[in-house]
Every structure is written in C-alpha cells, then in structure tokens.
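Here is a brief report for a first look at this structure. Please keep the sequence and the model open while reading.

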Amino acid sequence: MTGHRHLFSPLRLGPLTVANRIVFSAHLTNYAEDGLPSAQHAAYYAARAAGGAGLIITEEHSTHVTDWPYEKLIHGYRPEAVPGYRRITEAVHAHGTPILAQLNHNGGQASSLYSRLPVWAPSPVPDPLFREVPKAVTTGEIAEIVAGYGTVAGHCADGGFDGVELQCSHSSIVRGFLSPATNLRTDAYGGSLENRTRILLEIVDAVREAIGPGRALGVRLCGDELIEGGTTIDEAVEIARRVEATGKVDYINTSIGVATSTLYMIEASMTVPPGYALFISNAIRRAVRLPVVGVGRIKDPVQAERALAEGHCDLIGVVRGQIADPDFAAKARAGQTPAIRTCLSCNQECVGRMGLNRWLGCIENPRAGRESVPLPPPGRRPQKVLVVGGGPAGLQAAATAAGRGHQVTLLERGPATGGQVATAATAAGRAEFLDVVRNLLAECHRNGVEIRTGTEADADAVRAFAPDAVVVATGARPQPPHWAGSLERVVDVRDVLEGRIAPAAGERVLIVDELGFHQATSVAETLAERGCRVRISTPGMVVGQDLGITLDLETYSVRAHTKGIEHVTDQVVLAARGQDGGGVAVDLLTHTTGAMAQESYDWVVCAVQQAPRDELWHALKDEPFAVHRAGDCLTPRRAHAAVVEGHRAGVAV
C-alpha cells in the first residue's frame, strides 16, 4: 500500500532478521557522560526504534585507552560501560528492533589532548585537522589493538547488543592501515593489499570469537577516500571480497571520504545531490554476496526505495533523516510520506554542534538530543492561542501548541508563510532550506491550526481576538550599518533576494560579510550567476567562516572560484559616499596592517545584524493574557533558535 515494496521487505543479516531495510547508521552524538553511555543515549535510540527503523547501529565505542579523539567518547574498553549498554539495548528491544554497536579505534585521526598519551597509527603521518604526528605502532601494539576489539565486542555482547559493526572507514586506525596514503610500513602489515588488510582480518577473527555465532558482525568500508594516493573504489571492492572470504562477516556497510581531510563528503550538505555515494555500495554489491548498506544523503522513502529497486544496495542508511524525524520509517510504512519532517542537510545542529563539542541536535526537531527530558503535560483546559508571525518560530509555536490540544490561530501579514527562511531559500544552492517551512506548515495543517495570511495584527486586533495566550513571532528587520547613512545603493541582502533591487550584469558589487554564514556567500553566488562582478569583504579571517562548521566551505570555495567571486579578509568599511552616476565610494581599513584604501562599486550589499521587530510585544507585554516571544523578535539569530523558542512557547501556553 505504501508503494515501498523493497524498503519494507525483511532481510537476514546472518543470525538476525530485520523487518525493513532502513538503517539508523552509526554517527557521533556527544551524549556520553564521563566516557560511559547515558540515559540520553537510551532515549535517543529508543525513539528511532519506536519510529520503525529496521536496524540501529550505535555510535562508535572506543577499543583502547590511546583512542580519545573528542571529549564525550564512549570508552567501550571499560567494563563499567556494560550497565549502560544494557539500558540502551533494553530500551530498543522493547520496540522489537535489533541494535548493533560500532567498534572503533580512531588511530592517527585523533589528539593526545584528552588521553595525554601518544596517538597510535600505522605510520607517523599527521592528520591535516589534528596536525599531531602519531606514533607508528609496533607489532606487539598491533596485537594489543586487535585484542582490544575483542574485549569491547565481549562487553557489547554482555550488554545485550545483537552484534557489532567494525568501523574501518572514515575515521579509523583500520582505515589507516588499509590506505596506501597513511600506511607506509614495510613489515607484514604494510605494502601489498594482502598485508594492509591483515589487521582487519585479525580483528574480524577476534571479534567473531568474542561474540559467537549468534550475533551479527558487520564491517564498514570506505569506498573512496577522495585524497591523493588513498583507497579508491577498485581496491575497496577487493577488500570487500577478502572480508567476505573469511566467512565470519554478515554484511558490509559503506562510506565515502575521510574524516578529516574530506569530511565534507561524508556528511554532505544540501549542495551535494542525494544518493551521491551509492556508486560505492553498487560496486561492492556486484562483487560480493553479503548484504550491502548504501549511504549518501537519502532524504525520503522515495529515494530510499529507488536505491534498493535499482540494485545499488540491500539496505539504506538514513541518519539525518531519522534525526529530523524519528518516525521516518513508520510514516513511510503507513503511506504518510508527505508527513515526514524531511532533513534539510543544513548540518547546523547535527554536524555543526558536534564540531563545537556540543551534544547533537537538529534545526528542525527541537526534541533531538532531549528525548530523555519529559515535556510537561498539557493543561486541563484547551487554550485559545493566537500566534502572530508565520516564520519558523511562529509556525513551530503553532504546530506545538495545536499538537498539545489547544485551539490555535496564526496570523501572517505577508501573502505566504515562511519569513526569512522563504527568502533565504531563493538564493543560489539554498532551495532545500525551504523544507523547514514546508514541513512546519504541513504539521500545522495536520494539527488543525487556522492560518490567515495577508493579515496585519496590531495590539487592538490582538485584544479583540480575546486570546488566552499570544505568541509574538514577528521577526526582524534589516538594520543598515552606521556608515551607510541614507545611500540608496547601500542595501541589505534581503533587498536582493526579495527583489527590491536588481544589480545588472556587469555591475560591480561589494558584499560586506559581518555574519560569516550563508547570507553573504549565497547572495554572492546569486549575483554572480546574474553576471555581476562580485567581491566579498569581511573583517574576519575567512569569508563565510561558519560554513566550515556545516561542511559547506569546501564546495562553496570551488563554486566561488568558478564564478569569479573575489574574497578579501581582515577588512572593515569605515565610510561610504555616493558618487556621480549612482555608484558608491567606500573607505576600507585592513585592520591587521592599518592600510587604508578607497574603492568604487555600483552597489554595496550588507550581510549584517538585524534589529528585532518587537513593537507588538512591547504593546502587549502588560496585558492580562500570557504573551510569549519567540525567534528574531526576541533577538535576531539563526533558524534553529527560532524553532527551539517556538517549541518552548508552544509548550508553555
């Protein structure tokens, strides 16, 4: 009935049978507490099990004391981890879902910051992110590494896991041994492919002995490291054949890229097409008989079904899609695909938060990372709630409040909902950002929210509505920088995207980037595509510096070079003056050297901080009914803050 015949067919993985082909693959969460699994881990994985995932594979469990690349890593080699494992597996098994634990040693892709021990690797090749020269392990230490995998596999079996997966892909000492780029050894563990795979096959033997025949064993391989001299697909296929030949492995998972050199391809953003890494699982699947997991920014069940039907893989990894919507699988099975809260691939709160050493969240799902924290029950009497503003904060507030049983009306002064998200999504390469509006709008409709667009709401209109509670989510307005004065040709990025100004092809445009995110870079691409000559100037060290956190910087840099977009860093605009003929002269200071310059442009476009549109809140804050603020009208920030605050307001009414 769902049209997803392949997606919802069962499959055997050795001793296991999965009910469907949707895998919640391993990914970091930063939920560990003092190196041990937490209650949040159990609640997080249980939510995806309850939502219908066919198989869950937890984040990595470290196999050795020398492996501590980030603070909140699960130290699987500690026996104290076993009770936490039992809490996770019991919570997941309560929903009838099998769960595996991923085992790993990060090798040279790590730091001694936390362990105070030398980083171990096959050869002393420093990682480009950590920049620490690792210690080349001896054959005795290799035996210690292999034994560590066996020990942690035994802990996982004691903790109730249905099996384990060996991470030999993007960040792993095993990947380091497999890759000719990082394995420079001349002994029995280096040189030929047979030697480079030796440690992997020894680990397979040790782990299978530890878990016995009744639990599943998987191996995750990198199909293409995308680095000079690294593993490519032909060699990855041969490694997969050797893994299968052991007779001890039940499935093969796949990956692309190397954390950290090519991390932007492991967790690709919305500028990379869905299914981009399926060529890897396709090639391996044609070479082995074992079931193969495919990955690559699969956003919805239609894409997943197509990947299976076309023979690219036997199972499909959906991580960010199930972070955004834990009920991804259940909704797909029930034929409710339009109700799925599809992932944006914005990477702001999953990848981005992890990069800042924070716990994993989601820009669209305010409950992600807080599944273990119960919400207060709704009040006994449904409230009459008025939400003013149809951006992400207002839509989330309305959806949440209505979902908790309240009667909700949303007023939006514009012709459509979406706020600044709808504006941002019109920029080059940002169309998928509009999914956050589409998803919230659909949730509002399902929950019975009455939405009135083209409706201005002043204080008198709100009072006349006689609400029990009001959520003010009126957003923010552009705020020209102090040096702009009243110059008509100094404008905001919103003026460009909303069509109020349209620089012509051939005109010179200076974009002033004081925000360090998509506002400047996406508008620069938009104008460059229209034929403008574009330069971005920033007081920071890097144009669009926060794009590095969301893994957008590498692909943006390539596109910017192709489109001829110029970048100037460490530069501050001091003043601007109109010129005869309509141009703008700007005085610029390079603050690192004190050098001054004057340049002329046809337009200056500002990506700068906005001002809250909070007049309605000030007019209502002393009314007898409850008044809440959410999003940019409280203070301008990014979309995630709007969604979180909208959810809080919806819970509070």
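## A salt bridge at Arg494

In this predicted model, Arg494 forms a salt bridge with Glu498. Their closest N and O atoms are 3.5 Å apart. Arg494 has a relative accessible area of 14%, so the residue falls under the 20% limit and counts as buried. Glu498 stands at 32% relative accessibility. That value lies between 20% and 50%, so Glu498 counts as partly exposed.

## A salt-bridge network

A search of the whole structure gives 36 salt bridges. Side chains of opposite charge can pair when their charged atoms come close. Salt bridges with shared partners tie Arg297, Lys299, Glu432, Asp435 and Arg438 into one network.

Arg297 is buried, with a relative accessible area of 7%.

Another bridge joins the side chains of Arg438 and Asp435, at 3.8 Å from N to O. Here both partners belong to helix α16. They are three residues apart, so about one helical turn separates them. Arg438 is partly exposed, with a relative accessible area of 37%. Asp435, at 15% relative accessibility, counts as buried.

## Helix α10

Helix α10 covers residues 301–309. Which of its residues are buried? They are Pro301, Gln303, Ala304, Glu305, Ala307 and Leu308.

Now look at the two ends. At the start of α10, a side-chain oxygen of Asp300 comes to within 3.0 Å of the backbone nitrogen of Val302. Just after the helix, Gly311 has a positive phi of about 80 degrees.

## Nonpolar cores

In soluble globular proteins, nonpolar side chains tend to be buried together. The largest nonpolar core of this model holds 76 residues. Which members touch the most other members? They are Leu103, Tyr149, Leu166, Leu200, Val207, Val219 and Leu221.

Take Leu221 as an example. Leaving aside residues up to four places away in sequence, Leu221 touches Cys168, Ser169, Leu178, Leu200, Ala236, Ile239, Ala240, Ile252, Asn253, Thr254 and Ser255. Another core, of 31 residues, lies apart from the largest one. Its members include Val387, Ala397, Ala399 and Ala402.

## A three-stranded sheet

Three strands make up an open sheet, in the order β22-β23-β24. Their pairing is antiparallel. Which strands lie at the edges? They are β22 (571–578) and β24 (595–601), and each pairs on one side only. Neighbouring strands of the sheet are turned by 25 degrees against each other on average, direction ignored.

Strand β23 spans residues 584–590. Seven bridges join β23 to β24, and the two run antiparallel. Across from Leu589 stands Met596, in β24.

Definitions and conventions:
Residues numbered from 1 in each chain as written. Predicted model: local features only at pLDDT ≥ 70, side-chain atom pairs only at ≥ 80, totals over all residues. Heavy atoms only, no water. Core = buried A, V, L, I, M, F, W, Y, C linked by side-chain atoms within 4.5 Å. Buried < 20%, exposed > 50% of the residue type's maximum accessible area, 1.4 Å probe, protein only. Contact = heavy atoms within 4.5 Å. Helix = DSSP H or I, 4+ residues; strand = E, 2+ residues; numbered from the N terminus. Polar contact = N/O pair within 3.5 Å; in protein donor to acceptor, adjacent residues only side chain to side chain. Pairing = 2+ DSSP bridges. Axes fitted to C-alpha atoms, helices over the stretch in contact; angles between N-to-C directions. Salt bridge = Lys/Arg side-chain N within 4 Å of Asp/Glu carboxyl O.
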